[in-house]
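Please keep the sequence and the model side by side while reading.

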Amino acid sequence: MLERGPQRFAVKPSGVPDMAALYEQLPNFRAVLDDIKRHVALAQASADSLEVTPILLLGPPGVGKTHFAQQLAELLATTMTLVPMSSMTAGWLLSGSSSQWKGAKPGKVFEALVEGDFANPVIVVDEIDKASDAAQYDPLGALYSLLEPQTAQRFVDEFAEVPIDASQVIWITTANDEGAIPEPILNRMNVFEIAPPTRDEARTIARLLYLRLRAAHDWGRLFVDEPGEDVLDVLATLAPREMRRALMTAFGNARLDGRDHLLPADLPATGSSKPRLGFLA
């Protein structure tokens with residue numbers, strides 16, 4: 001802390017950023033994007049820093065909740081820290097553990113603020129509804145104060161025992177089951193229900209993902225500019241998180257066959273026993 005000093009950059013867009021690409025890329029997140037746009041508009045018209053009310057993204061697995069958080073961090077030009085609650089058995093992952101304990105270490109909030117460059121990083125509490133009941137201490141206990149700007153201004157990590165200002169952290173939480181989240185925490189967040197994309201929206205997502213993968217790799221120049229309609233039809237049956245894996249497999253199969261375009265047969269078989277997301281009318 002002494003080496004890094006007490007000051008951090010507080011990222012604040014100079015104007016409302018162009019979010020058209022995100023609206024196209026994440027069509028089922030329109031309501032959340034509208035909320036972010038409102039917060040940015042308030043900040044850029046005043047001397048205040050950017051303040052975003054904590055967000056809960058509620059929806060089935062695979063609809064792109066974590067991906068949205070990554071895109072938000074990029075939009076705001078800040079960093080993102082992921083805190084996966086489903087695999088957490090220690091109640092101190094967020095708030096740190098006392099230095100008196102063996103193997104003690106600071107928590108994720110302290111690390112993001114002290115080791116990072118920004119005062120307002122995006123911290124994603126992933127699958128907050130799956131916080132382990134086996135933890136000796138409440139894994140969500142630190143959030144009661146961290147989600148309130150007034151108390152977060154003097155957050156004390158149990159390992160460092162030094163108050164730090166965590167009031168500008170941008171909190172994104174994700175969950176599948178709202179009923180498993182304590183009511184006092186729910187009351188501190190704006191809750192957005194994220195539905196699976198419609199078929200047309202899923203086709204748009206698949207096309208944009210094809211374009212991004214092609215542009216991001218040197219081997220992309222070996223493939224045609226646009227995917228075929230039949231390929232998009234197959235991709236549209238997949239959850240957004242599965243599309244990337246399916247496309248990477250398809251690109252590889254097409255290259256093995258010496259083709260510059262994808263065929264539906266290049267995609268992995270979809271006859272898995274795993275349940276897949278349906279579509280909205």
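Glu 127 is found in the loop that runs between strand E3 (122–126) and helix H5 (143–146), where helices (H or I, at least four residues) and strands (E, at least two) are DSSP runs numbered from the N terminus. The model is a predicted one, in which local features need pLDDT of at least 70 and side-chain atom pairs count only at pLDDT 80 or more, whereas totals for chains, interfaces and linings use all residues. Residues are numbered from 1 along each chain as its sequence is written, and side-chain values use heavy atoms, with hydrogens and water left out.

The backbone of Glu 127 has a phi near 55°, a positive value in a residue other than glycine. Most residues other than glycine have a negative phi. With a relative accessible area of 23%, Glu 127 counts as partly exposed; buried means under 20% relative accessible area, exposed means over 50%, and partly exposed lies in between (1.4 Å probe, protein chains only). Ala 77 likewise has a positive phi, of about 60°, although it is not a glycine, and this residue sits in the loop between helix H3 (65–75) and strand E2 (80–84).

The next topic is charge. Side chains of opposite charge can pair when their charged atoms come close. A salt bridge is taken here as a side-chain nitrogen of Lys or Arg within 4 Å of a carboxyl oxygen of Asp or Glu, and by this rule the count comes to 12. One of them joins the side chains of Glu 201 and Arg 30, at 3.2 Å from N to O. Because Glu 201 lies in helix H8 and Arg 30 in helix H2, this pair ties together parts that are 171 residues apart in sequence. Glu 201 is buried, with a relative accessible area of 15%, while Arg 30, at 42%, counts as partly exposed.

Two further salt bridges can be set beside each other. Asp 266 pairs with Arg 259, the closest N and O atoms being 2.7 Å apart, and both of these residues are buried. Arg 221 pairs with Asp 218, with the closest N and O atoms 3.3 Å apart; here Arg 221 is exposed at a relative accessible area of 60%, and Asp 218 is exposed at 58%. Glu 127 returns at this point, as salt bridges that share partners join Glu 127, Asp 129 and Lys 130 into one network.

Aromatic rings come next. Rings of Phe, Tyr and Trp (its six-membered ring) pair if their centres lie within 6.5 Å, and planes under 30 degrees apart count as stacked, over 60 as edge-to-face and the rest as tilted; the structure holds five such pairs. The rings of Tyr 210 and Phe 251 have centres 5.3 Å apart and planes at 35°, so this pair is tilted. It links distant parts of the chain, with Tyr 210 in helix H8 (residues 199–216) and Phe 251 in helix H10 (residues 240–256), 41 residues apart. Tyr 210 is buried at 0% relative accessibility, and Phe 251 is buried at 3%.

Phe 251 also pairs with Phe 223: their ring centres are 4.8 Å apart and their planes lie at 65°, so this pair is edge-to-face. Since Phe 223 lies in the loop between H8 and helix H9 (229–235) and Phe 251 in helix H10, the pair ties together parts that are 28 residues apart in sequence. Both Phe 223 and Phe 251 are buried. Ring pairs link Tyr 210, Trp 219, Phe 223 and Phe 251 into a cluster.

What does His 39 contact, leaving aside its neighbours within four places in sequence? His 39, which lies in helix H2 (residues 30–44), is in contact with Leu 50, Glu 51, Val 52 and Thr 53, contact meaning heavy atoms within 4.5 Å. A polar atom of the His 39 side chain lies 3.0 Å from the backbone oxygen of Glu 51, and His 39 counts as buried at 13% relative accessibility.

Finally, the chain as a whole. The protein has 10 helices and seven strands, and buried residues make up 45% of its 281 residues. Of the contacts with a separation of 6 or more, 74% are between residues 24 or more positions apart.

Technical notes:
A polar contact is a pair of N or O atoms within 3.5 Å; within protein, one must be able to donate a hydrogen and the other to accept it, and residues adjacent in sequence count only if both atoms are side-chain atoms.
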